Amino acid sequence: MAIWTITSSGIGGRFSLESGISNNENASLDSVDIQTESDTDDRPSQSGLGSLEVNTSLLPADLQPSPLTLPGSFSPKPESISDSIRSSGTEGVGSASIFLNSSFEGRSAKNRLATGAKNGSSGPSEEAVDAALAYLARHQQNNGSWTIRLIDGPCKGQCDHGGEDLDPHDVAATGLALLCFLGRGHTLQEGEYSEQVSRGVYFLVQNLKSQSGRGTWLTTNNQRWMYEHGIATLALCEALQMKGDAALLTKPCQDAIAHIVYAQHNDGSWGYQPKDSGDLSIMGWQVLALKSAHGAKLAVNAETIRNVDIFLKKHNRNDFMFYYRDQANKPTASMTSIGTLLRIFRGWSRTDPAIIKAVEYLGKEGPSTVDPYYNYYATQVLYQFGGKPWLDWNARLRDFLVSSQEKEGHMAGSWWFQTAKATPAGIANETGGRLYVTAMTCLTLEVYYRYLPVNEAVTDDFQY
Ligand SMILES: [Zn+2]
């Protein structure tokens, strides 16, 4: 039974954290059993690029891959994951054994433009992010929150698709808006929008209901409870990680993480409500929140992460295409994006056949002109993978997003993508309205500096 994906990441043999990468593997939280026996995993061990063989017979005929150009940054022999972890600088309370660290270094005012340009942003894409943040700032409510139901806020219904029939989802909406500001380097203390960030963070902190060491947001719509909780927790932990107010944020963040740990179903998933069996979509937000907590040096329960691995292992087809909830669901590009991104953050190598096949699949699917949710996750996968697949993806997506943004009037800086309401993208867009579509698209255009690729070393001028 595989419980630890790093041992299977195609890097040639197993490794152990006994090499000094972690100094707390015996801690009650964060402890991970690194098993070195061959039966700890049923994935084939790889010994480098020379032995890399993608079994393309598993692919449908229309997905047969063309020869894949590996990212130009690849060395002749792939770096070991242990080296990657070591260079990611995640020693400390948050053990390196949980997630590969993806630093926030690129977000800083000093680094953002250079990092963005190096990774594929453009002047117009940067202006589009600026315009989106200005739109979001204009739509913040007096109590510091944002709402999906724009008619309630300062907008007063001037936006179309502003959701007068929608649930406000103010916890999730606040989390999404904060992630956009934080992704651009606006923090509690720094940046043009530090006041907006502070008011949004305080709204979340004030509305977290903590009890017995766990905290959650009691939302107006329990059907979306864990969605809202995961998104808001991710935002708070990012705020803490970015030189946040530790005295204000540490306990709320740790309590909110404790609720995520508590709320996991024993099959490894999260549902709409705590302890429900759930799906990969809800799981994505919880795991990203756990990852951000780990980056903020909070304690993260290793067993929770191992259970995620087990869920991912059971919910794919041909090892690389993921489905939403159960085998009755067809694998989709959106779910494959989430599953693959989580694998990358868990240490799966870019040379692993499953990662390569997923990238090939997403490349053939291409970016969407209507689905900001899929674009958000798939863009992160392609960005983390790098090389020609990323360059091709970015060339197809970036300028489309810039050109599709509202340019004038009250809605300037926002996005809306109209599509059939019966499709997953249509349902999500209609449920989240213009604010959700705008936030997800803004985050997609921040990909160039929001997280550095997990295998890029952190430099000495690390900012956050
Ligand atoms: Zn408006």
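**Close-up views of helix packing in a predicted model**

**View 1. Helix 12 and helix 13 cross at roughly 145°.** In this predicted model, the axes of helix 12 (residues 372-385) and helix 13 (residues 387-404) come within 7 Å. The crossing of these two helices is left-handed. Helix 12 contributes Asn375, Thr379, Leu382, Tyr383 and Phe385 to the contact, and helix 13 contributes Gly387, Pro389, Trp390, Trp393 and Leu397. By class, the contact of helix 12 with helix 13 comprises seven nonpolar and three polar residues, with no charged residue.

**View 2. Helix 8 packs against helix 10 in a left-handed crossing.** The axes of helix 8 (residues 280-295) and helix 10 (residues 333-345) come within 10 Å and cross at roughly 25°. Helix 8 is therefore roughly parallel to helix 10. On the helix 8 side, the contact is formed by Leu280, Ser281, Gly284, Val287 and Lys291; on the helix 10 side, by Met335, Ile338, Gly339, Leu342 and Phe345. The contact of helix 8 with helix 10 divides into six nonpolar residues, three polar residues and one charged residue. An α-helix has 3.6 residues a turn, so residues three or four places apart point the same way.

**View 3. Helix 8 is largely enclosed by the rest of the structure.** This description applies because 15 of the 16 residues of helix 8 are buried. From its first C-alpha to its last, helix 8 reaches 22 Å, close to the 22 Å expected at 1.5 Å a residue. Lys297, which follows helix 8, has a positive phi, near 70°.

**View 4. Arg346 occupies the loop between helix 10 and helix 11.** Arg346 counts as buried because 21 C-beta neighbours lie inside 10 Å, the cut-off for burial being 20 or more. Arg346 and Val454 are 108 residues apart along the chain, and their C-alpha atoms are separated by 9.9 Å.

View 5. Buried residues account for 54% of the 464 residues in the chain. Among contacts between residues at least 6 apart in sequence, 71% join residues at least 24 apart.

How values were computed:
Residues are numbered from 1 along each chain as its sequence is written. This is a predicted model: local features need pLDDT of at least 70, side-chain atom pairs count only at pLDDT 80 or more; totals for chains, interfaces and linings use all residues. Axes are lines fitted to C-alpha atoms, for helices over the stretch in contact, and angles run from 0 to 180 degrees between N-to-C directions. Helices (H or I, at least four residues) and strands (E, at least two) are DSSP runs, numbered from the N terminus. Angles under 35 degrees count as roughly parallel, over 145 as roughly antiparallel, 65 to 115 as roughly perpendicular and the rest as oblique. A crossing is left-handed if the near helix is turned anticlockwise from the far one by less than a right angle, and right-handed if clockwise. Two residues are in contact if their C-beta atoms, placed from the backbone, lie within 7 Å. Ala, Val, Leu, Ile, Met, Phe, Trp, Tyr, Cys and Pro count as nonpolar, Asp, Glu, Lys and Arg as charged, and the others, Gly among them, as polar. The expected span of a helix is 1.5 Å times one less than its number of residues. A residue is buried if 20 or more other C-beta atoms lie within 10 Å of its own, exposed if 12 or fewer, and partly exposed in between; C-beta atoms are placed from the backbone.
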